[in-house]
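Please look at the sequence and the 3D structure together, and keep both in view while you read.

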Amino acid sequence: MNKTFGQLILNARKAKGYSQRQLAKLLSLDFTYLSKLENDRGDYAPKEDVIRALARNLDLNEEELIFLAGRIPQGDEDFLKQNYKDMSVLFRRMRENPDFAQQVFQAATQADNGGE
């Protein structure tokens, strides 16, 4: 089962032995804001710099955490803007055809792993 952004950071925080107040202090955040994030009750996704700081302190993948929060990493956002016409077609095809989406994900994962 896939975890939410909040569940993932909550579990990672507990695994690292941090209290909410300790982690919030490390990140210069209000602990009540961290609590909202962990309970998926934030009014909006946290800023990219907050997500990256969370990931670094909790040993999580920064890029994956940004996507899970519902944001797009700045470098990827620039790529999407440059290829907006092709990206809209790609996303529509992936939504409409889950098998096609799986093929794209598998090819990308294989390429990321050096073609293995």
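What follows leads from a pocket to a loop residue and then to the aromatic rings.

This is a predicted model, in which local features need pLDDT of at least 70 and side-chain atom pairs count only at pLDDT 80 or more, while totals for chains, interfaces and linings use all residues. Residues are numbered from 1 along each chain as its sequence is written, and side-chain values use heavy atoms, with hydrogens and water left out.

The largest pocket has a volume of about 560 Å³; a pocket is an open set of points on a 1 Å grid where a 1.4 Å probe fits, with protein on both sides within 12 Å along at least five of seven lines, and its lining residues have an atom within 4 Å of a point. The volume is the space filled by probe spheres set on the points. Of the 15 lining residues, F67, D76, M94, F105 and A108 are the closest to the centre of the largest pocket. Helix α8, a DSSP run (H or I, at least four residues), gives the most to this lining, with 5 residues.

N39 lies in the loop between α3 (31–38) and α4 (48–58), and N39 is partly exposed, with a relative accessible area of 44%, between the limits of 20% for buried and 50% for exposed (1.4 Å probe, protein chains only). Although N39 and F5 are 34 residues apart in sequence, they are 8.8 Å apart in space, C-alpha to C-alpha.

The charged end of R21 sits over the ring of F31, 3.7 Å from its centre, where sitting over a ring requires CZ of Arg within 6 Å of the ring centre and within 35 degrees of the ring normal. R93 likewise has its charged end over the ring of F100, 4.1 Å from the centre.

Technical notes. Helices (H or I, at least four residues) and strands (E, at least two) are DSSP runs, numbered from the N terminus.
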